[in-house]
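Here's a quick briefing to read alongside the sequence and the coordinates. Have the viewer open and follow along.

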Amino acid sequence: MTNDELKNRTKQFSLLILNLVEKMPNSISSRVVINQLAKSATSVGANYRAVCRARSDKEFVAKLNIVLEEVDETQFWLEIITEMNWLSKSELEFPLKESSELVAIFVSTLKTVNNRLNNK
């Protein structure tokens, strides 16, 4: 997957989550989760763009770790929503799958880059 394709995919992920939070019930506890979820999900795409502008391998790894943390946090909030039954399992199926795939992509990328850096 190219940088541009992943930029688009992370932006689409942000939009997916923003559309999802619009369907959430309005309660004190759900508003807390909505805010956290929206912040972490939109941060994935925004921070991935910063990864693409990294000036060194060390900066690339540091910034990509932030992206990984944000997508993992997003996945956490999606799991909370699932367990609270705020949305149907069918509404959450694709966002959970996409967050898992993004985690796998970023973990794999970090392993590859870290192996390359350790072998220099």
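In which hand, left or right, does α2 pass α3 in their crossing? The crossing is left-handed. Keep in mind that this is a predicted model. What you're looking at is a protein with 4 helices and 0 strands.

**Overall layout**
- Reading from the N terminus, the elements go α-α-α-α.
- Along the principal axes, the C-alpha atoms fill a box of roughly 50 × 25 × 20 Å.

**Helix α2 on its own**
- Helix α2 covers residues 28-52, which makes 25 residues.
- From first C-alpha to last, α2 reaches 37 Å, close to the 36 Å you'd expect at 1.5 Å a residue.

**α2 against α3**
- The axes of these two helices come within 8 Å, and they cross at roughly 155°.
- An angle over 145 degrees counts as roughly antiparallel, so that label applies to α2 and α3.
- Sorted by class, the contact of α2 with α3 has 16 nonpolar, 5 polar and 3 charged residues.

**α3 against α4**
- Helix α3 spans residues 57-84 and helix α4 spans residues 89-118.
- Their axes come within 9 Å and cross at roughly 160°, which makes α3 roughly antiparallel to α4.
- The hand of the α3 and α4 crossing is left.
- For the contact of α3 with α4, the class count is 18 nonpolar, 7 polar and 5 charged residues.

**α1 against α4**
- Helix α1, residues 3-21, packs with α4 at an angle of about 150°, and the two axes are 11 Å apart.
- α1 and α4 are therefore roughly antiparallel to each other.
- The crossing of α1 and α4 is left-handed.
- On the α1 side, the contact is made by L6, R9, T10, F13, L16, I17 and L20.
- On the α4 side, the contact residues are E91, L92, F94, P95, E98, S99, E101, L102, I105 and F106.
- If you're wondering about the spacing in those lists, an α-helix has 3.6 residues a turn, so residues three or four places apart point the same way.
- By class, the contact of α1 with α4 comes to 11 nonpolar, 2 polar and 4 charged residues.

How values were computed:
Residues are numbered from 1 along each chain as its sequence is written. This is a predicted model: local features need pLDDT of at least 70, side-chain atom pairs count only at pLDDT 80 or more; totals for chains, interfaces and linings use all residues. Side-chain values use heavy atoms; hydrogens and water are left out. Axes are lines fitted to C-alpha atoms, for helices over the stretch in contact, and angles run from 0 to 180 degrees between N-to-C directions. Angles under 35 degrees count as roughly parallel, over 145 as roughly antiparallel, 65 to 115 as roughly perpendicular and the rest as oblique. A crossing is left-handed if the near helix is turned anticlockwise from the far one by less than a right angle, and right-handed if clockwise. Ala, Val, Leu, Ile, Met, Phe, Trp, Tyr, Cys and Pro count as nonpolar, Asp, Glu, Lys and Arg as charged, and the others, Gly among them, as polar. The expected span of a helix is 1.5 Å times one less than its number of residues. Contact means heavy atoms within 4.5 Å.
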